[in-house]
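Notebook open, viewer loaded. I want to jot down what I look up here, one topic at a time.

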Amino acid sequence: MPILQGIKRISPLDSNKNVKVGVPLPLNNVNIFKGTETMKDQIKTNLINLLLTSPGERINLPNYGVGIRNLLFEQKLNLETIKLNLLKHVTKHIPLITLLDVKLSSSNDQHTIFMNITYGFNLDGAIDNIQLNFT
């Protein structure tokens, strides 16, 4: 009798290779017709989109977006506030992931924000990481 080592759960969308899940970044004339092939790729794209969007920029979702670019030239840059804002938006808009670690730092003149985000997929427990620099 075989013993199960663990159950690997996959999204039903990932099982059909003829179905594209979403649109990858960067949004250009090649990617718009290519599409993302897995839920993990689309979730990563959704996270990057959430980070790059400013509140009020998306029609019918006025509170969508972290708005990091709006904070770049502020007098006092509070990285802890950005981290809490990011956690709030990810919990609300991308419930398929859990943020495991968020590392933020800024340049001396506070005109560049360095962001390193480690997150886990709730579906199968896999871990991924993105690093972004906002200038």
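What follows are my entries on the fold, the sheet, the salt bridges, one serine and a surface patch.

**Ground rules.** I'm looking at a predicted model, where local features need pLDDT of at least 70 and side-chain atom pairs count only at pLDDT 80 or more, while totals for chains, interfaces and linings use all residues. Numbering starts from 1 along each chain as its sequence is written, and side-chain values use heavy atoms, with hydrogens and water left out.

**Overall layout.** I looked up the secondary structure and found four helices and three strands in the chain. These are DSSP runs numbered from the N terminus: helices are H or I with at least four residues, strands are E with at least two. Along the sequence the pattern reads α-α-α-α-β-β-β.

The chain has 135 residues, and 33% of them count as buried. Buried here is under 20% relative accessible area, exposed is over 50%, and partly exposed is in between (1.4 Å probe, protein chains only). The accessible surface is about 9,100 Å², with 55% of it belonging to carbon and sulfur atoms. The areas are Shrake-Rupley with a 1.4 Å probe, and for residues only the protein chains shown count as cover. For contacts (heavy atoms within 4.5 Å), I took those with a separation of 6 or more: 38% of them join residues 24 or more positions apart.

I then went through the pairs (DSSP has to find at least two bridges for strands to count as paired). Strand 1 and strand 2 (residues 113-121) are antiparallel over nine bridges. Strand 2 and strand 3 are antiparallel too, over eight bridges.

**Salt bridges.** How many salt bridges does the structure hold? I get three, taking a salt bridge as a side-chain nitrogen of Lys or Arg within 4 Å of a carboxyl oxygen of Asp or Glu.

- D124 pairs with K40, closest N and O atoms 2.7 Å apart. The pair links distant parts of the chain, 84 residues apart: D124 is in the loop between strand 2 and strand 3, K40 in helix 3. D124 is partly exposed at 31%, and K40 is partly exposed at 33%.
- D128 pairs with K44, closest N and O atoms 3.5 Å apart. This pair also spans 84 residues, with D128 in strand 3 and K44 in helix 3. D128 is partly exposed at 23%, K44 likewise at 27%.
- D101 and K103 meet at 3.7 Å, N to O. D101 has 32% relative accessibility, so I file it as partly exposed; K103 has 52%, so it goes down as exposed.

**S106.** I checked this residue because its relative accessible area of 26% makes it partly exposed. S106 sits in strand 1. Leaving out residues up to four places away in sequence, S106 touches L77, L79, T112, I113 and F114.

**Nonpolar patch.** Which residues form the nonpolar patch on the surface? They are V23, L25, L27, I32, F33 and L52, with about 590 Å² of accessible area together. Patch members have over 30% relative accessible area and no salt bridge; like charges are joined within 9 Å, nonpolar side chains (Val, Leu, Ile, Met, Phe, Trp, Tyr) within 5 Å. I followed up on L25, which lies in the loop between helix 1 (12-15) and helix 2 (31-34). L25 has 39% relative accessibility, so it counts as partly exposed.
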